[in-house]
Amino acid sequence: MEPMYNQQKSPPPPEEEKKDPSMTEKTVQGIKEQSQALYQGAKSIMHRNESSKKSQRYSGPFVTIIRKRLDAYFAITVRSVRDSVPKAIGFYLVRAVQD
């Protein structure tokens, strides 16, 4: 079958002359390049830290010191809770009687 109309190809549009980038365009392009470089650097640092965390081991004395400190902290916490619970109960009982 023949086409019903003749297709005429339009000539391509003339290419615009490339202008030198203005100072603003140069600055924006520089900022884009720097931000991409910073992003890639931060990404590589984060990836490197993730792999080093998995293989990290702690020494025996370090673990012992941390355990002693945690035990001391829990002892202080338990003591303060044991001390404050009767005080709170007494406070609420007295307040209920006053009302």
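This section describes the secondary structure, surface, aromatic pairs and salt bridge of a predicted model.

The protein chain comprises 99 residues, of which buried residues make up 0%. Its secondary structure consists of two helices and zero strands. Helix 1 spans residues 23-54 and helix 2 spans residues 60-98, with Y58 placed in the loop between them. The accessible surface of the protein chain amounts to about 10700 Å², and carbon and sulfur atoms contribute 59% of this area.

A nonpolar patch was identified on the surface, formed by Y58, F62, V63, I66, L70, Y73 and F74. Together these residues present about 700 Å² of accessible area.

Aromatic contacts were then examined. A pair of aromatic rings is described by the distance of the centres and the angle of the planes. Three aromatic pairs are present in the structure. One of them joins Y58 and F62, with a centre-to-centre distance of 5.3 Å and an angle of 25° between the planes. This pair is classed as stacked because its angle falls under the limit of 30 degrees. Y58 has a relative accessibility of 55% and therefore counts as exposed, whereas F62, at 41%, counts as partly exposed. Another pair is formed by Y73 and F74, whose ring centres lie 5.7 Å apart. The planes of Y73 and F74 meet at 55°, so this pair is tilted. An angle over 60 degrees would be required for the edge-to-face class. Y73 is exposed, its relative accessible area being 53%, while F74 is partly exposed at 49% relative accessibility.

Charged contacts were considered next. Side chains of opposite charge can pair when their charged atoms come close. The structure contains one salt bridge, which links D83 to K87 with a separation of 3.2 Å between the closest N and O atoms. D83 and K87 both lie in helix 2 and are separated by about one helical turn, because they are four residues apart. With a relative accessible area of 43%, D83 is partly exposed; K87, at 55%, is exposed.

Definitions and conventions:
Residues numbered from 1 in each chain as written. Predicted model: local features only at pLDDT ≥ 70, side-chain atom pairs only at ≥ 80, totals over all residues. Heavy atoms only, no water. Phe/Tyr/Trp six-rings, centres within 6.5 Å; stacked < 30°, edge-to-face > 60°. Buried < 20%, exposed > 50% of the residue type's maximum accessible area, 1.4 Å probe, protein only. Areas by Shrake-Rupley, 256 points an atom, 1.4 Å probe, with all protein chains shown as cover. Patch = residues over 30% accessible without salt bridge, like charges linked within 9 Å, V, L, I, M, F, W, Y side chains within 5 Å. Salt bridge = Lys/Arg side-chain N within 4 Å of Asp/Glu carboxyl O.
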